[in-house]
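Visitor: I'd like to go through this model with you, starting with the aromatic side chains and then moving on to other topics. Could you bring it up?

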Amino acid sequence: MTELAITSFTERALAHVRTLWPRWAWLPPVPFVLNLAMNVYRGEARWDHVLITLVVIGLAYGTRFTKKLCVGLYPMGLVALLFDSMRLFQHAGFDTFGVHLCDLRAVELRWFGLDMGGTRVTLHDWFQAHATTWLDLLCSVPYGTFLFYCILFAAFLFKRDFVAMQRFTWGWLALNVIGFTTYHIYPAAPPWYFHSHGCTVDLLAKASEGPNLARVDALLGITYFHGMYGRASDVFGAVPSLHCAYPLLVVLEGWSQFRWRGRAFTVAFFMLMCFSAIYLDHHWVVDAIVGITYAIITFVALRMIGNALRRRSESTAQDILLPSAAGEVQEIQS
């Protein structure tokens with residue numbers, strides 16, 4: 001390719017980008033490029049860091065269709081960056097004495113405990129003593145698919161209602177921000193940690209998929225769940241259960257979009273996820289309740305913000321139209 005051809009190609013490419021993004025054209029990939037550069041500098045770059053950066057660039061500068069898709073999915077990409085960056089401040093704000101473990105278990109025993117062989121135990125103790133292969137497999141389904149489930153729901157909204165898609169994806173980001181913040185304000189160990197370590201808090205402990213999902217990996221001859229939780233940095237992030245919050249946000253946002261089959265499916269997925277969070281030894285019942293509460297608050301807050309912005313937009317439009325209309329009347333009278 002000659003120098004002239006290269007110059008011509010570059011000019012056409014820049015003109016195309018300016019057409020798609022008249023202002024701040026350089027901004028969309030910046031957080032992802034910086035995250036990739038930081039991981040390369042630290043010697044921790046992975047294939048998914050490169051992939052998500054290329055995907056954002058491709059969507060942002062592809063066509064008008066891909067730009068709109070990029071805008072809609074952008075908050076979910078920011079969640080991926082947020083999750084990845086959590087390892088940089090893994091124990092920020094707390095130490096060994098600040099982690100809630102057996103005090104949280106005592107609450108579970110008091111509020112949700114049951115009798116097993118004359119001893120009061122938690123639901124998790126009972127499920128671990130009565131675990132079955134088919135329940136392991138059933139409960140692994142929502143845990144293994146929840147990310148794809150949320151992305152597919154966002155894609156569904158992209159085709160059906162773009163405003164609802166943006167509300168859902170920004171709500172997903174807000175839900176993760178307040179959830180990750182809570183991890184550091186109220187660090188809490190999950191049930192599997194108690195069953196592995198007792199009441200001893202070890203800040204160097206590694207995240208685990210738990211005994212049930214480890215059995216699923218072994219049964220299927222894969223390392224899917226081990227690999228997924230091997231990347232997690234927040235061992236003491238049991239409260240809130242975002243696993244329960246995500247599908248409830250889908251139920252709430254999707255209720256007006258679905259007919260009865262869609263509503264029944266999303267409610268069933270949410271209920272199975274809540275049961276799985278307890279059965280798989282990943283969350284206390286309290287965690288699930290707090291996660292559900294966070295999802296409801298996020299949904300209501302995003303609705304209120306959306307309604308306020310719409311009223312403001314409509315008011316501004318009327319302010320523009322009224323003087324124009326008055327001007328037309330004066331012109332007719334003259």
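Visitor: Which residues form one aromatic cluster here?
Guide: Bearing in mind that this is a predicted model, the cluster is made up of Trp126, Phe127, Phe275 and Tyr279.

Visitor: And how many aromatic pairs does a search of the whole structure find?
Guide: The search finds 22 aromatic pairs. One of them joins tryptophan 192 and tyrosine 193, whose ring centres are 6.0 Å apart and whose planes meet at 65°; since angles over 60 degrees count as edge-to-face, the pair is therefore edge-to-face.

Visitor: Are those two buried or exposed?
Guide: Tryptophan 192 is buried, with a relative accessible area of 7%, and tyrosine 193 is buried as well, with a relative accessible area of 0%.

Visitor: What about phenylalanine 265 and phenylalanine 269, how are they arranged?
Guide: Phenylalanine 265 and phenylalanine 269 form a tilted aromatic pair, at 6.4 Å centre to centre and with 40° between the planes. Both residues belong to helix α13, which runs over residues 260–279, and they are 4 residues apart, about one turn of the helix. Phenylalanine 269 counts as buried, at 9% relative accessibility.

Visitor: Switching to charges, which rings have a lysine over them?
Guide: Lysine 67 lies over the face of tryptophan 21, at 4.6 Å from the ring centre, while the charged end of lysine 68 sits over the ring of phenylalanine 162, 4.9 Å from its centre.

Visitor: Now the second largest pocket: how much space lies in it, and which helix gives the most to its lining?
Guide: The second largest pocket holds about 270 Å³ of space, and α14 gives the most to its lining, with 7 residues. Helices α8 (162–185) and α14 (285–333) each supply at least two lining residues.

Visitor: What sort of residues are in that lining?
Guide: The lining divides into 5 nonpolar, 3 polar and 3 charged residues, and among its members are Trp170, Gln166, Asn307, Arg167 and Arg310.

Visitor: Last topic, what does UniProt place at residues 123–300?
Guide: The unreviewed UniProt entry places the feature "domain: Inositolphosphotransferase Aur1/Ipt1" there. In the model, residues 123–300 are 75% helix and 0% strand, with the end C-alpha atoms 31 Å apart.

Visitor: Where does it put "transmembrane region"?
Guide: That annotation, again from the unreviewed UniProt entry, covers several spans, including residues 69–89 and 264–280. Residues 69–89 are 81% helix and 0% strand, with end C-alpha atoms 31 Å apart, whereas residues 264–280 are 94% helix and 0% strand, with end C-alpha atoms 23 Å apart.

Definitions and conventions:
Residues are numbered from 1 along each chain as its sequence is written. This is a predicted model: local features need pLDDT of at least 70, side-chain atom pairs count only at pLDDT 80 or more; totals for chains, interfaces and linings use all residues. Side-chain values use heavy atoms; hydrogens and water are left out. On a 1 Å grid over the protein atoms alone, a cavity is a set of points where a 1.4 Å probe fits but cannot get out, and a pocket is an open set with protein on both sides within 12 Å along at least five of seven lines; lining residues have an atom within 4 Å of a point. Grid points are joined across faces, edges and corners, and a volume is the space filled by probe spheres set on the points. Ala, Val, Leu, Ile, Met, Phe, Trp, Tyr, Cys and Pro count as nonpolar, Asp, Glu, Lys and Arg as charged, and the others, Gly among them, as polar. UniProt positions are given in the numbering used here, feature names are shortened, and annotations may be inferred rather than shown by experiment. Rings of Phe, Tyr and Trp (its six-membered ring) pair if their centres lie within 6.5 Å; planes under 30 degrees apart count as stacked, over 60 as edge-to-face and the rest as tilted. Buried means under 20% relative accessible area, exposed over 50%, partly exposed in between (1.4 Å probe, protein chains only). A charge sits over a ring if NZ of Lys or CZ of Arg is within 6 Å of the ring centre and within 35 degrees of the ring normal.
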